[in-house]
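Good morning, and thank you for coming.

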Amino acid sequence: MTAKIIDGKEIAHKVRKNIAKEVEILKAKKITPGLAVILVGNNQASRAYVTMKEKACKELGMYSLLLEYPEDLGQDELLSKIEELNQDKSIHGILVQLPLPKQINEMAVIEAISPEKDVDGFHPINIGRMMTGQDAFYPCTPYGIMVMLEHIGYDVAGKHAVIVGRSNIVGKPSGQLFLNKNATVTYCHSRTTDLAYHTKQADILVAAVGIRNLITAEHVKPGAVVIDVGMNRDDEGKLCGDVDFDAVKNIASYITPVPKGVGPMTITMLLFNTLKSAKKIHEKELQALNC
Ligand code: NAD
């Protein structure tokens, strides 16, 4: 069997086209969805992500505000900037690029963002809403995975989803979104004994660890759908995932590549959440205009 490639770039392009159309409609009603991105320090990877987010935002006609601060920024200063953005009517989404320098408590920062503008979906209120099946901002990477599966027409209900990784931003919320869609979910992590035993039972296998080639052919059930979230560098410095792509593609039914897999979907869902926030914040005005 040779797996079909799930082309994240192509799916992201389709979703972005629809977002752009909606942005145009909102702009005709004098509402421009706005995303504020805060970057603290000089982490090169963070800077690259922020640049990609800013570019994507502008391409879709959204307003993008980038706020950059030095590595030694104090926590209070950051919290008061977030409060200003919470009140700013031109901003519908606030994102603080992680990781933050040591002197800043990440959870305090996440909790300072208004849940109504938390387009990353990391605030405990949004996590709680997601867990209880309510409308919420879903974390962008897990949400992107669900949208990809929808695009290939794969119904996860009744399927066994095995998630490798239990971070708050990818692993845990991915499992929750699968559960919300009636999958049976198993989590594996750094303390799991016999990883392959669990992963071999997966109808859908999500790898979100950050270890190159962690998932080999021996970890995969024939016909499984394999989603590779990992972003690592190979010996030549090329981007690669957690899955041994060349071996696993001969066993899986579907597989996401790295790059051009989950990555483009993550940014797309951030833009989707920003648009959703703008529509929600201006709900009354929009309803009045439609009357
Ligand atoms: P993290 O470091 O916060 O979490 C890694 C998880 O892997 C932990 O829960 C840990 O328990 C688990 N783990 C570690 N070693 C393991 C092992 N040997 N076996 C099984 N599980 C093990 O990382 P994260 O933020 O969740 O990101 C995971 C990967 O996904 C990274 O490579 C990251 O760069 C990538 N990522 C990609 C995107 C994207 O858009 N494509 C978005 C976010 C993260």
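A residue is called buried under 20% relative accessible area, exposed over 50%, and partly exposed in between, with a 1.4 Å probe and protein chains only. What we have here is a predicted model, in which local features need pLDDT of at least 70, side-chain atom pairs count only at pLDDT 80 or more, and totals for chains, interfaces and linings use all residues. Residues are numbered from 1 along each chain as its sequence is written, and side-chain values use heavy atoms, with hydrogens and water left out.

Tyrosine 143, at 17% relative accessibility, counts as buried. Rings of Phe, Tyr and Trp (its six-membered ring) pair if their centres lie within 6.5 Å; planes under 30 degrees apart count as stacked, over 60 as edge-to-face, and the rest as tilted. How many aromatic pairs does the structure hold? There are two. In one, the ring centres of tyrosine 138 and tyrosine 143 are 5.0 Å apart with planes at 85°, so this pair is edge-to-face. In the pair of tyrosine 143 and phenylalanine 272, the centres are 5.7 Å apart and the planes again at 85°, so it too is edge-to-face. Because tyrosine 143 belongs to helix H6 (residues 140-151) and phenylalanine 272 to helix H10 (residues 262-281), the latter pair ties together parts 129 residues apart in sequence. Helices (H or I, at least four residues) and strands (E, at least two) are DSSP runs, numbered from the N terminus. Phenylalanine 272 is partly exposed, at 26% relative accessible area. Tyr138, Tyr143 and Phe272 together make up one aromatic cluster.

I turn now to the cysteines. A disulfide is a pair of cysteine sulfur atoms within 2.5 Å, and the structure holds zero of them. The sulfur of cysteine 140 lies 12 Å from the closest cysteine sulfur, that of cysteine 57, which is too far for a bond. Cysteine 57 is buried, with a relative accessible area of 0%; cysteine 140 is also buried, at 4%.

Finally, the sheet. Three strands form an open sheet in the order E3-E2-E4, with parallel pairing; two strands pair if DSSP finds at least two bridges between them. Strands E3 (63-69) and E4 (93-96) stand at the edges with a single partner strand each, so one side of each has no neighbour in the sheet. Strand E2 (residues 34-40) pairs with E4 over four bridges, and alanine 36 stands opposite isoleucine 94 in E4.
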